[in-house]
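Student: Hi! Could you walk me through a protein structure today? I'd like to talk about its rings and its core.

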Amino acid sequence: MGEGMRGEPDPAIAGGRAKKGGHEGEWNSVPGPLSALAQSKALSPKLSARSVPSLMQLASFVLMLVLAGWAFHERPDLAGYTLGFLFWFGFFLIVLWRFCFVVAGLFHRFREKPARLPSDVPVVQWPVYSVLIALRDEAAMMPQLAACLRGLDWPADKLEVILLVEADDDATRDAALDAPFPLGTMVLTVPPGKPLTKPRALNYGLAHATGSYITIYDAEDRPHSGQLKAAYATFLSAPADVLCLQAPLTATNGAAGWVAAQWALEYAVHFNLYLPALAGWGHPIMLGGTSNHFRRADLIAFGGWDAWN
């Protein structure tokens with residue numbers, strides 16, 4: 001689909017000045033049905049991390065500690081051997097699991113055919129795509145972010161960029177208003193509240209978004225120019241039960257040293273081999289914190305993001 005952290009924008013595409021939106025400290029700018037979403041209250045409490053750990057989880061943890069303490073007191077040698085065996089056996093199973101799916105991912109790449117937009121869908125019928133970006137202390141990244149968003153290959157009149165800035169972050173807000181973002185970009189001030197998290201800000205942005213499709217980026221991302229097209233084409237060709245797409249993330253500093261190279265390699269294997277194989281076999285996948293794509297209606301129906309996760 002394209003990289004979520006790499007991709008140079010087209011410098012020939014002209015941008016525009018962002019406009020300020022939102023109302024500091026107020027929720028009344030949000031339509032009634034979306035008010036709960038804007039306040040991160042639409043998600044079922046059973047699906048939220050706000051209530052964890054549960055009483056049962058705490059009790060189980062305490063019981064495990066008591067049993068481990070008793071075992072080490074009664075038979076320290078046997079308890080040590082058992083704990084070591086369980087640790088290394090579990091580690092081996094994790095390595096074996098990932099290895100098998102990485103190999104499966106290699107075969108998947110040979111069979112994979114990138115989705116393409118149907119030629120009979122004119123540009124005027126393309127949907128509005130909303131890009132949500134939660135920002136905090138990111139003033140220095142605004143010029144780069146603006147340039148990258150101007151480089152997205154999507155009709156300008158169907159691109160809705162929403163920058164979500166915390167109420168106390170004046171520096172980032174001013175920098176966003178001064179940067180040459182695509183024409184019509186909105187800078188929304190997220191009302192003060194708890195928790196002070198990225199998902200909470202995204203919920204506020206989702207309540208204001210009007211696009212049929214939603215994606216999220218981080219301030220440091222450099223999305224591939226064709227990522228939105230690739231995501232839209234994939235949604236059109238995918239089964240109806242495909243509700244979310246994850247674009248692969250690519251680290252660009254692999255040459256900075258040994259640790260950076262290992263990190264870049266892990267990203268390459270994880271997003272290009274491991275996750276596609278998991279998805280191909282119908283297993284749940286762990287999303288990255290950026291370059292996720294959704295249908296807006298599906299995301300609202302789920303209750304948005306968990307502000308406490």
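This is a predicted model: local features need pLDDT of at least 70, side-chain atom pairs count only at pLDDT 80 or more; totals for chains, interfaces and linings use all residues.

Student: How many aromatic pairs does a search of the whole structure find?

Tutor: The search gives 14 aromatic pairs. Take Trp-97 and Phe-101: their ring centres are 4.7 Å apart and their planes meet at 50°, so this pair is tilted.

Student: Where do Trp-97 and Phe-101 lie?

Tutor: Both belong to helix H3, which covers residues 76–111. They are 4 residues apart, about one turn of the helix.

Student: And is Phe-101 buried or exposed?

Tutor: Phe-101 is buried, because its relative accessible area is 10% and the cut-off for buried is under 20%. Trp-97, at 40% relative accessibility, counts as partly exposed.

Student: Nice. Which residues do ring pairs link into a cluster?

Tutor: That cluster joins Trp-126, Tyr-129, Trp-154, Tyr-213, Tyr-232 and Phe-235.

Student: What sits over the ring of Tyr-274?

Tutor: The charged end of Arg-98 does, 4.1 Å from the ring's centre.

Student: New topic! How many residues are in the largest nonpolar core?

Tutor: It has 28 residues, and Ile-133, Leu-149 and Phe-181 are among those with the most contacts inside it. Several elements each supply at least two residues of this core, including strand S2 (129–135) and helix H4 (142–150).

Student: What is Ile-133 in contact with, leaving aside neighbours within four places in sequence?

Tutor: Its contacts include Leu-145, Leu-149, Leu-163 and Tyr-217. There is also a second, separate core of 21 residues, with Ala-134 and Val-190 among them.

Conventions
Residues are numbered from 1 along each chain as its sequence is written. Side-chain values use heavy atoms; hydrogens and water are left out. Rings of Phe, Tyr and Trp (its six-membered ring) pair if their centres lie within 6.5 Å; planes under 30 degrees apart count as stacked, over 60 as edge-to-face and the rest as tilted. Buried means under 20% relative accessible area, exposed over 50%, partly exposed in between (1.4 Å probe, protein chains only). A charge sits over a ring if NZ of Lys or CZ of Arg is within 6 Å of the ring centre and within 35 degrees of the ring normal. A nonpolar core is a set of buried Ala, Val, Leu, Ile, Met, Phe, Trp, Tyr and Cys residues joined through side-chain atoms within 4.5 Å. Contact means heavy atoms within 4.5 Å.
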